[in-house]
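Reader: I have a structure to look at and some questions about it. Can we go through them one by one?

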Amino acid sequence: MGITKAYTTRVGEGPFPTELSDDTGVCLREVGNEFGTTTGRPRRCGWLDLVALRYAVRINGFTGLCITKLDVLDTLDTIKVCTQYKYKGELLDELPPAQAIFTEVEPVYEELPGWKSDITGTRSVQDLPQEAIDYLNFIVRHVRVPISLISVGPKREEHIKVPHPDYSQRASGGTRVASSSSTNGGTYGFF
């Protein structure tokens, strides 16, 4: 199981292509309480970097994801997600092989609408705003690993376990079929 925030943070120096040095970065830091536990030092915050997440999924062999701090994005009108890097006019789908190149890449973003509502009380996928579901499905489509758990607040009970399809039923010819009760009529995927 891989665990990632719904946005990206970094502690210390080094390349951070999606880093936000504006009011949005400050908002993510303050709402997400992104300060070092011991030092109190502010963490660097930025948009979700799917290039880096795909790399982490591949090298670690993750078969599921836990997305934390989804609620931190509650107030945003628009959410950007880095899907590729650009280096000297070339689009990169993977992390560059050298740190020197990584320090010079530019993020390529896709923009998704925010949900502009408080999700901390949400306890089932069906109760999430459709825009939040779309954001999560966007992540799954790009990293090709299902989401198993979603954190919607800082408290232990503020999470959603994601139901996955029941493959116990088989259609003729041996094809696997998800039961309709598991997929909620197709409003969310995550798998």
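Predicted model: local features only at pLDDT ≥ 70, side-chain atom pairs only at ≥ 80, totals over all residues.

Reader: Where does aspartate 93 lie?

Author: Look between two elements. One is strand 7 (90-92) and the other is helix 3 (99-102). Aspartate 93 lies in the loop between them.

Reader: Why does aspartate 93 count as partly exposed?

Author: Buried means under 20% relative accessible area, and exposed means over 50%. Aspartate 93 falls in between, so it counts as partly exposed: its relative accessibility is 43%.

Reader: How far is the nearest side chain of opposite charge from arginine 54?

Author: Arginine 54 is in helix 2. It is buried yet has no salt bridge. A salt bridge needs the atoms within 4 Å. The nearest side chain of opposite charge, glutamate 94, is away by 4.7 Å.

Reader: Which backbone oxygen lies 2.8 Å from a polar atom of the side chain of arginine 54?

Author: Arginine 54 is in contact with Thr83, Asp93, His142 and Val143, leaving aside neighbours within four places in sequence. One of these supplies the oxygen at 2.8 Å: aspartate 93.

Reader: Which residue follows helix 4?

Author: Helix 4 covers residues 130-143. Val143 is among its buried residues. After the helix comes a residue with a positive phi, near 60°: arginine 144.

Key: Residues numbered from 1 in each chain as written. Heavy atoms only, no water. Helix = DSSP H or I, 4+ residues; strand = E, 2+ residues; numbered from the N terminus. Expected span 1.5 Å × (residues − 1). Buried < 20%, exposed > 50% of the residue type's maximum accessible area, 1.4 Å probe, protein only. Lys, Arg positive; Asp, Glu negative; His and termini not counted. Polar contact = N/O pair within 3.5 Å; in protein donor to acceptor, adjacent residues only side chain to side chain. Contact = heavy atoms within 4.5 Å.
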